[in-house]
Amino acid sequence: METAQRQQAAPGALTAFTRFVLCGGGVGLASSFAVVALASWMPWVLANALITTVSTLLATELHARFTFGAGRHATWRQHAQSAGSAAAAYAVTCVAMCVLHQLVEAPGAMVEQVVYLSASALAGIARFAVLRLVVFARHLAQTAPTARAVIPCSSMGRASKAADSVVMLCRTA
């Protein structure tokens with residue numbers, strides 16, 4: 001009974017996306033400033049990896065509890081799947097920053113922020129789809145199966161064309 005009370009209806013796509021933007025975007029915005037701060041003490045790629053790891057754990061918990069309506073903490077499976085999509089987002093932001101540094105010798109912090117946040121936004125849209133459709137999807141298979149009549153093939157006569165069709169279907173099934 002407690003499970004039934006804790007299980008909430010899944011929010012619609014627009015509601016979930018709005019929550020995703022607020023939760024994930026808030027964590028992402030804070031992360032972008034943290035990456036810039038850490039990058040002054042260590043290589044940017046390492047700073048991005050560290051911040052991506054911490055922000056992914058935090059965002060996955062927020063998405064499990066609030067964004068996708070689960071109302072409970074994320075499972076280890078959900079964290080692992082979310083980490084996979086975060087790894088792809090990490091690669092996108094790294095490539096974007098590497099391209100920026102190849103094109104501009106010494107980009108300013110504002111330009112770095114714009115490139116980083118743009119790459120993060122594009123990766124975020126793809127991440128939303130993965131999280132909604134795979135990681136936090138509520139499978140309809142958990143509902144009660146529809147009852148179907150089962151007619152043994154051996155008991156069917158061959159008196160009519162309809163019966164012949166059913167027997168043929170039984171044999172191919």
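**Close-up A. Contact between helices α2 and α5 in a predicted model.** In α2, the residues A13, A16, F17, F20, L29, S32, F33, V35 and V36 meet α5. Their partners in α5 are Q113, Y116, L117, G124, R127, F128, L131 and R132. By class, the contact of α2 with α5 holds twelve nonpolar, three polar and two charged residues. The model shown here, and in each view below, is predicted.

**Close-up B. Crossing geometry of α2 and α5.** The helix axes cross at roughly 145°. They come within 10 Å of each other. The crossing has a right-handed sense. Helix α2 covers residues 13-39, and α5 covers residues 109-135.

**Close-up C. Packing of α4 on α5.** Helix α4 runs over residues 76-103 and packs against α5, residues 109-135. The angle between the two is about 155°. Their axes lie 9 Å apart. Angles over 145 degrees count as roughly antiparallel, so α4 is roughly antiparallel to α5. The crossing of α4 past α5 is right-handed. Residues of this contact comprise 15 nonpolar, seven polar and three charged.

**Close-up D. The largest pocket.** This pocket has a volume of about 610 Å³. Its lining counts 27 residues. Nearest the pocket centre lie G24, G25, G28, S120 and G124. One of these, G124, also belongs to the α5 side of the contact with α2. Four helices each supply at least two lining residues: α2, α3 (44-67), α4 and α5. Helix α2 gives the most, with nine residues. The lining of the largest pocket divides into 14 nonpolar, twelve polar and one charged.

**Close-up E. The largest cavity.** The structure holds one cavity of 30 Å³ or more. The largest cavity has a volume of about 40 Å³. Its lining consists of S32, V35, V36, W44, M97, E112, Q113 and Y116. Helices α2 and α5 each supply at least two of the lining residues. Among the cavity-lining residues, S32, V35 and V36 of α2 also take part in the contact with α5. On the α5 side, Q113 and Y116 line the cavity and meet α2 as well. By class, the cavity lining has five nonpolar residues, two polar and one charged.

Key: Residues numbered from 1 in each chain as written. Predicted model: local features only at pLDDT ≥ 70, side-chain atom pairs only at ≥ 80, totals over all residues. Heavy atoms only, no water. Axes fitted to C-alpha atoms, helices over the stretch in contact; angles between N-to-C directions. Parallel < 35°, antiparallel > 145°, perpendicular 65-115°, else oblique. Left-handed = near helix turned anticlockwise from the far one by under 90°. Nonpolar A, V, L, I, M, F, W, Y, C, P; charged D, E, K, R; others polar. 1 Å grid on protein atoms, 1.4 Å probe; cavity = no way out; pocket = protein on both sides within 12 Å on 5 of 7 lines; lining within 4 Å. Points joined across faces, edges and corners; volume = space filled by probe spheres on them. Contact = heavy atoms within 4.5 Å.
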